[in-house]
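Work through the exercises below with the sequence and the structure at hand. Try each task before reading its solution.

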Amino acid sequence: MGIPTNRPPVNETRSTMDIMQLAAELCPGCGMSMADVPVEDEATYNEVLSWDESNPHPKPTWAEIVAQAAVTAQYVVDTEYQVARRAAYASIGDQQDMQYKDALNGTTTWVDHIAAVKAANPKEPT
């Protein structure tokens, strides 16, 4: 699931793109359009989000949007270590090369690399 990592906190003004993404998370494939204005409250949200009446689900309420924002924000926090680890790991080819050389030389280069990445980016308990 592609979750954006630069979401504002739940109680802040949201961009059109943010609101559209949150609505799409609640109703994948639903048709909608939205005026390009900042949204900070239910009244603005109801005015600017146009919901295609042929959608299989009703338009998400502002409370559902805010709740989804909290879920998404928590998901980002819970998976930050995974993103950091992915960036820090050597490529698969380089890791296979480390493993091959370790097998030939009796070294632990690959295990040391993996351990260093995990130590630098610990998995936080949830």
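**Exercise 1: Arginine 85**

Leaving aside its neighbours within four places in sequence, arginine 85 is in contact with Val117, Lys118, Asn121, Pro122 and Lys123. The model is a predicted one.

Task: Say where arginine 85 is placed, and decide whether arginine 85 is buried or exposed.

Solution.
Step 1. Arginine 85 lies in helix 3.
Step 2. The relative accessible area of arginine 85 is 12%.
Step 3. Buried means under 20% relative accessible area, so arginine 85 is buried.

**Exercise 2: The order of elements**

Task: Count the helices and strands of the protein, and write down their order from the N terminus on.

Solution.
Step 1. The protein has five helices and two strands.
Step 2. Read from the N terminus, the order is α-β-α-β-α-α-α.

**Exercise 3: The disulfide**

Task: Find which cysteines form a disulfide, and classify each of them as buried or exposed.

Solution.
Step 1. Searching the whole structure gives one disulfide.
Step 2. The disulfide is formed by cysteine 27 and cysteine 30, whose sulfur atoms are 1.6 Å apart. The cut-off for such a pair is 2.5 Å.
Step 3. Cysteine 27 has a relative accessible area of 2%, so cysteine 27 is buried.
Step 4. With a relative accessible area of 9%, cysteine 30 is buried.

**Exercise 4: The nonpolar core**

Task: Name the members of the largest nonpolar core that touch the most other members, and the elements that each supply at least two residues of this core.

Solution.
Step 1. The largest nonpolar core has 15 residues, and those touching the most other members are Ile19, Val39, Tyr45, Trp51 and Ile65.
Step 2. At least two residues of this core come from each of helix 1 (16–26), strand 1 (32–34), helix 2 (42–48), strand 2 (49–51) and helix 3 (62–88).
Step 3. For background, nonpolar side chains tend to be buried together in soluble globular proteins.
Step 4. In the protein as a whole, 31% of the 126 residues count as buried.

**Exercise 5: Helix 4 and helix 5**

Task: Describe how helix 4 and helix 5 are set to each other, and which residues meet.

Solution.
Step 1. The axes of helix 4 (residues 92–105) and helix 5 (residues 109–120) come within 7 Å and cross at roughly 135°.
Step 2. An angle over 145 degrees would count as roughly antiparallel; helix 4 and helix 5 are therefore oblique to each other.
Step 3. On the helix 4 side, Gln95, Met98, Gln99 and Asp102 meet Thr109, Trp110, Val111, His113 and Ile114 of helix 5.
Step 4. The residues of this contact are four nonpolar, four polar and one charged.

How values were computed: Residues are numbered from 1 along each chain as its sequence is written. This is a predicted model: local features need pLDDT of at least 70, side-chain atom pairs count only at pLDDT 80 or more; totals for chains, interfaces and linings use all residues. Side-chain values use heavy atoms; hydrogens and water are left out. Axes are lines fitted to C-alpha atoms, for helices over the stretch in contact, and angles run from 0 to 180 degrees between N-to-C directions. Helices (H or I, at least four residues) and strands (E, at least two) are DSSP runs, numbered from the N terminus. Angles under 35 degrees count as roughly parallel, over 145 as roughly antiparallel, 65 to 115 as roughly perpendicular and the rest as oblique. Contact means heavy atoms within 4.5 Å. Ala, Val, Leu, Ile, Met, Phe, Trp, Tyr, Cys and Pro count as nonpolar, Asp, Glu, Lys and Arg as charged, and the others, Gly among them, as polar. A nonpolar core is a set of buried Ala, Val, Leu, Ile, Met, Phe, Trp, Tyr and Cys residues joined through side-chain atoms within 4.5 Å. Buried means under 20% relative accessible area, exposed over 50%, partly exposed in between (1.4 Å probe, protein chains only).
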